[in-house]
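Reader: Please take one part of this model and go through it closely. I would like to follow the strand pairing by residue number.

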Amino acid sequence: MANYAGVSNMSSDTLSVAEKISVTLTPVSVAAATCAEQSFAVTGLQVGDFVDVSPPGITAGVSPVLARVSARNTLTVTFINPTAGALVPLAGVYNIQINR
């Protein structure tokens, strides 16, 4: 097992393939005091991909906390809203780091 700049890959001595894409997402309202998953079509994603999502900005009170590939070509993002009212996460271009 090799280590590269703090990254280890348990299955081989090679690094995983990483790719960055940008997609326009339009999340819907997240109810008060909850976490909610929302799914978006993103071409090219594969089950087993590790994804990291960066939104175009943050709407006060609601933020993405988790992202995963739930099915082929499907990005699922969990948003948290700890406030007392429903809020809509910011729509726009989200940057997605894909590690495969």
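Author: **Strand pairing**

Strand β6 pairs with strand β7, residues 74–81, in the antiparallel sense over seven bridges. Strands here are DSSP runs of E of at least two residues, helices are runs of H or I of at least four residues, and both are numbered from the N terminus. Two strands count as paired if DSSP finds at least two bridges between them. The model is predicted, so local features need pLDDT of at least 70, side-chain atom pairs count only at pLDDT 80 or more, and totals for chains, interfaces and linings use all residues. Residues are numbered from 1 along each chain as its sequence is written, and side-chain values use heavy atoms, with hydrogens and water left out.

Within this pairing, Arg68 has Thr76 in β7 as its bridge partner. The two strands belong to an open sheet of three strands, in the order β4-β7-β6 with antiparallel pairing. Its edge strands are β4 (34–41) and β6 (63–71), each of which pairs on one side only. From one strand to the next, the twist averages 25°; axes are lines fitted to C-alpha atoms, for helices over the stretch in contact, and angles run from 0 to 180 degrees between N-to-C directions.

Another open sheet of three strands runs in the order β3-β8-β5, and its pairing is antiparallel. Here β3 (18–25) and β5 (50–54) are the edge strands, each pairing on one side only. Neighbouring strands of this sheet are turned against each other by 25° on average, direction ignored. Strand β5 pairs with β8, residues 92–99, in the antiparallel sense over five bridges. Asp52 has Gln97 in β8 as its bridge partner.
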